[in-house]
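My notes follow in the order I took them.

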Amino acid sequence: KLVPPGQSFSKLKKKMDDKLVEPNSSLGKAINYLLQHKDGLLGFTRYEGAPLDNNAAERELKKIILHRKNSMFFKNEIGSAVGDILTSVIQTAAHANINVFDYLKTLLRYADRVKNSPELYLPWNYLDTISNLH
């Protein structure tokens, strides 16, 4: 039997108020945390079709964390800055569902044009731009 969230929270609050649960116990701390953060914890229920997990965000964060770990081996700050830029460009291109290797080759091939009009060579427009060159 499903219980509406409001009822569950009021029952938990009553248990805490009636001192049926020790506030410093693991259960008491968990209940207090739940009561203090219920709006944030139930935020996903306000949107139909909202995912119940954040696996996509976690996958993206893993890429950044891996880059941060690898950055420890750059020899200087300039190398690190270049690595940051390349990571950003590669991830943006990957999200645009284009071939990242071909995209990077195109950026190098047309470096002068990219420098003059970078907006034309963003991952989501660059194919149109280079098709107009030929």
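I call a residue buried when its relative accessible area is under 20%, exposed when that area is over 50%, and partly exposed in between. I also note that this is a predicted model.

**Entry 1: helix α6.** I first asked which residues of α6 are buried. In this helix, residues 100-109, they are Val100, Tyr103, Thr106 and Leu107. They lie on the same side of α6, because they cover an arc of only 120° around the axis. I then looked at the face turned away from that buried side, and found the exposed residues Phe101, Leu108 and Arg109 there. For the cover over the buried residues of α6, I noted α5 (77-95), α7 (111-116) and α8 (126-133) among the elements involved. At the start of α6, I found a side-chain oxygen of asparagine 99 within 3.0 Å of the backbone nitrogen of phenylalanine 101.

Entry 2: Lysine 105 is partly exposed at 37% relative accessible area, and aspartate 102 is partly exposed at 31%.

**Entry 3: other salt bridges.** How many salt bridges does the rule give? I get a count of four. One of them joins aspartate 17 and lysine 13, at 3.4 Å from N to O. These two are four residues apart in helix α1 (residues 5-17), so about one helical turn separates them. Lysine 13 is partly exposed, with a relative accessible area of 45%. I also logged the salt bridge between lysine 14 and aspartate 18, with the closest N and O atoms 2.8 Å apart. Lysine 14 is exposed at 51%, whereas aspartate 18 is partly exposed at 39%.

**Entry 4: serine 71.** Is serine 71 buried or exposed? Serine 71 counts as buried, because its relative accessibility is 18% and the limit is under 20%. I place it in helix α4 (residues 55-71). A polar atom of the serine 71 side chain lies 2.8 Å from the backbone oxygen of histidine 67.

Entry 5: Valine 82 lies in helix α5 and is partly exposed, with a relative accessible area of 43%.

Key: Residues numbered from 1 in each chain as written. Predicted model: local features only at pLDDT ≥ 70, side-chain atom pairs only at ≥ 80, totals over all residues. Heavy atoms only, no water. Buried < 20%, exposed > 50% of the residue type's maximum accessible area, 1.4 Å probe, protein only. Arc of directions from axis to C-beta. Contact = heavy atoms within 4.5 Å. Polar contact = N/O pair within 3.5 Å; in protein donor to acceptor, adjacent residues only side chain to side chain. Salt bridge = Lys/Arg side-chain N within 4 Å of Asp/Glu carboxyl O.
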